[in-house]
Amino acid sequence: TMSGRVIVGVKRVIDYAVKVILFCCCNRPIYVLIFYPVVTHLTLCLLANVSQLTPGDCCTRETIRTALAMGADRGIHVEVTGKDYETLGPLQISKILAALAKKEDAQLVILGKQAIDDDCNQTGQMTAALLDWPQGTFASEVTLEGDKIKVVREIDGGLETIKINTPAVVTADLRLNTPRYATLPNIMKAKKKKIASMKPADLGVDLTSRLEVLSVEEPPQRQAGVKVETVADLVAKLKELGRI
Amino acid sequence: MFPASRYSCQARRCIRALKIVQAEHITPQLYTALHRRTCSSVSTSRITTHYTIHPRDKDPRWEGVEMDRFVDEADVVIVGGGPAGLSAAIRLKQLANKHEKELRVCLVEKASQIGAHTLSGACLEPTAVFELFPDWKERGAPLNTSVTEDVFSILTETRRIPVPMLPGLPMRNHGNYIVKLGNVVRWLGEQAEELGVELYPGYAAAEVLFHDDGSVKGIATNDVGIAKDGSPKDVFERGMELHAKITLFGEGCHGHLAKQLYKHFNLRENCEPQTYAIGLKELWMIDEKKWRPGRVEHSVGWPLNRNTYGGSFLYHLNEGEPLVALGFVVGLDYTNPYLNPFREFQRWKHHPFVARTLEGGHRIGYGARALNEGGFQSIPKLTFPGGLLIGCSPGFMNVPKIKGTHTAMKSGMLAAEAVFPKVTAESVDSETAGLHVPEYAEALKNSWVWKELYAVRNIRPSFHNYFGLGEYLGADYNQLKPAKDCTPIEYPKPDGKISFDLLSSVALSGTNHEGDQPPHLTLKNDDVPVSRNLAIYDGPEQRFCPAGVYEYVPLETGDGMRLQINAQNCVHCKTCDIKDPSQNINWVVPEGGGGPAYNGL
């Protein structure tokens with residue numbers, strides 16, 4: 001076991017089984033379906049003193065409670081509202097996480113690999129960079145070896161094993177474990193646990209976005225294919241479409 | 001499989017030999033044709049693996065598994081976070097605060113979020129909301145659309161006969177609100193939490209617990225972490241027990257625990273069997289030019305024939321966007337096993353009067369749920385030692401009005417008012433450990449709920465009688481005629497613009513369940529579907545399920561069919577439990593959090 005704090009990030013995203021329907025009105029997308037809580041890949045229980053934080057709007061407290069019920073010791077809610085919330089992206093979140101990691105004197109930050117709403121796969125890496133800490137991303141196996149961490153990473157070519165110093169950032173892949181259930185007795189106990197609230201300003205973080213959303217559209221409808229009989233036909237068709 | 005070219009000569013010879021051996025094994029069986037078909041169940045693997053059918057104390061895979069449950073006590077436990085359950089919880093806390101008494105009220109709900117399993121038209125009669133919260137407007141209750149137009153039609157295949165909505169008719173909607181009931185339920189949940197009710201969405205009540213004297217002790221929530229084959233997984237955890245002085249059961253139409261309670265306490269000995277309908281609903285974003293906010297449309301007639309009860313609704317919401325809620329209701333006492341309520345709904349939408357509203361629009365939601373049709377005569381005994389029934393579970397639906405929310409809420413409130421003095425009394429004078437509160441049934445009999453239901457008690461039963469006199473046919477599951485005596489119905493193919501196929505509709509309901517768990521549609525006998533349902537009725541469950549859960553598929557080997565249960569599709573409508581002619585299907589609650597994800601439906 002390792003002594004020291006572990007910070008686990010939790011994000012509230014849309015349920016993967018729900019169909020998202022997009023309606024665009026005045027350049028801003030209006031999502032018709034609301035978000036359902038999904039706690040992504042929390043690894044707990046090997047390490048002591050686990051605390052949690054969720055930057056986001058005020059409806060995330062329930063998500064934090066579920067995470068507390070799954071075994072975290074403390075919850076931290078970084079409240080972001082209004083315009084700042086709309087432009088919240090991986091860069092802003094990493095800044096918050098980095099500031100918190102320093103404030104809490106954490107030894108390990110565990111985050112999800114890639115959220116299903118924005119599909120960015122950036123927060124873990126950015127957080128590590130801001131802290132100048134080593135990173136073990138796409139982890140499917142995490143073992144402590146003294147004061148180092150051995151991480152087996154799921155990469156395109158197969159599995160890569162690396163050993164990194166602590167403090168470090170690890171992002172969790174699906175294969176890391178089977179999440180335990182948040183049982184009702186634990187939910188009841190979690191209702192009594194305190195969730196600390198703070199604002200990004202308290203952490204000295206600037207949330208201005210460097211991105212401007214120009215438009216949001218559904219992907220174009222897939223057109224029916226065209227069958228051709230010979231290679232000559234194919235070449236002619238491609239020329240016709242201006243592709244060659 | 002593996003390309004043969006990759007193998008050596010010797011390996012190829014081996015594979016060839018193996019193939020011959022394989023073919024020899026599947027030699028034609030020595031059965032007769034009849035034997036082969038009805039024997040198909042012999043070669044099927046078990047369909048039902050749930051512990052309610054195969055008890056775990058006799059199962060060797062469960063030896064040594066820790067089965068103790070964590071126990072907690074509350075004053076009142078409420079099963080079900082719908083309008084009735086939440087109203088009861090809210091009223092209890094309102095009384096507790098008013099009289100400055102401590103009261104622990106716990107509510108368990110199988111949906112992952114309050115409101116996610118709620119589905120209704122809905123044209124809400126606001127009497128109960130106004131009673132519960134006189135300051136409903138300041139509190140932001142989502143009652144945004146007053147009814148402005150009320151239209152009733154009798155449809156034929158191509159035309160529409162208008163029926164004037166004269167004052168005094170039960171169907172008139174003046175003073176009512178078109179609501180997204182899911183949003184109202186969510187709002188009720190927020191009010192309840194503010195008042196101090198402990199809400200636990202995502203936890204289903206799976207078992208009723210009893211004291212030694214036979215009274216209800218409370219409930220136990222579902223176990224988690226059981227694999228599809230019924231064995232324990234690494235993450236197996238027992239549910240917890242919630243004990244209470246009294247338990248309020250508000251599971252909605254045809255609740256699975258209520259089903260057990262009816263048998264256990266013989267609550268239905270002096271009432272008619274409950275009868276039901278299935279309601280299917282869609283939410284559409286339509287062309288703004290066609291949008292008439294506040295407009296309520298109902299119809300009867302086409303596409304149903306004279307002997308099948310049912311009709312449609314179409315409500316124009318007024319919440320900023322051009323949304324309409326529309327749906328179709330089919331009485332589950334229908335006789336033709338070839339009837340497919342989902343496809344009736346889809347083809348109704350093509351009627352010119354309906355299609356003109358939907359053209360150019362976009363479908364954004366789908367769902368289905370069974371509803372009560374029995375009315376006054378089907379109300380069971382409501383109270384028993386340790387518990388009582390509220391809402392659509394016993395069934396207070398005003399059938400001609402097709403409204404049950406206001407009566408469900410009122411029943412919850414009356415239950416709370418009857419229960420409160422007893423649970424907060426210093427000393428309790430009770431014969432049984434669980435409290436018996438017959439005062440609730442008395443209060444209900446003296447309330448407007450009773451008067452309202454009594455006044456309309458003969459309308460639905462008279463549908464089937466030639467002279468329009470009230471007549472009861474008995475339970476819905478007994479009404480199907482054998483398939484050989486009925487004509488299959490030719491349904492039109494969905495056009496993908498106004499009508500749709502079943503599976504894309506199910507996807508829109510957002511339903512999902514943890515895949516690796518025993519199917520919660522349990523069969524008392526795995527052989528009955530093929531030997532009875534399919535043989536006599538041509539498998540009506542593949543037609544009445546609005547989510548495609550039941551499929552008869554050919555066996556992989558030999559002749560015959562087997563039933564495939566796609567439990568993950570289930571939208572918790574309860575129609576199968578109601579309409580199965582063999583009453584072989586027992587719907588039980590899956591792992592909490594599973595089921596549809598309705599958003600304001």
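**Aromatic rings in chain B**

Analyst: In this predicted model, the structure holds 14 aromatic pairs, counted over all chains. A pair of aromatic rings is described by the distance of the centres and the angle of the planes. For Phe133(B) and Trp187(B), the distance is 5.4 Å from centre to centre and the planes stand at 70 degrees, an edge-to-face pair. This pair joins distant parts of the chain, 54 residues apart, for Phe133(B) sits in the loop between α5 and β4 of chain B, whereas Trp187(B) belongs to helix α6, residues 181–195. Both Phe133(B) and Trp187(B) are buried.

A further pair is made by Phe376(B) and Tyr454(B), whose ring centres are 5.2 Å apart; their planes meet at 80 degrees, and angles over 60 count as edge-to-face, so this pair is edge-to-face. Here too distant parts of the chain are linked, with Phe376(B) in the loop between β18 and β19 and Tyr454(B) in helix α12, 78 residues apart. Tyr454(B) is partly exposed, because its relative accessible area is 42%, which falls between the limits of 20% and 50%.

Aromatic residues also gather in a cluster, made up of Phe210(B), Phe249(B), Phe265(B) and Phe384(B).

Finally, some rings have a charged side chain over the face: Arg268(B) lies over Tyr262(B), at 4.8 Å from the ring centre, and Arg363(B) lies over Phe500(B), at 4.0 Å from the ring centre.

Methods
Residues numbered from 1 in each chain as written. Chains lettered and ligands numbered in written order. Heavy atoms only, no water. Phe/Tyr/Trp six-rings, centres within 6.5 Å; stacked < 30°, edge-to-face > 60°. Helix = DSSP H or I, 4+ residues; strand = E, 2+ residues; numbered from the N terminus. Buried < 20%, exposed > 50% of the residue type's maximum accessible area, 1.4 Å probe, protein only. Lys NZ or Arg CZ within 6 Å of the ring centre and 35° of its normal.
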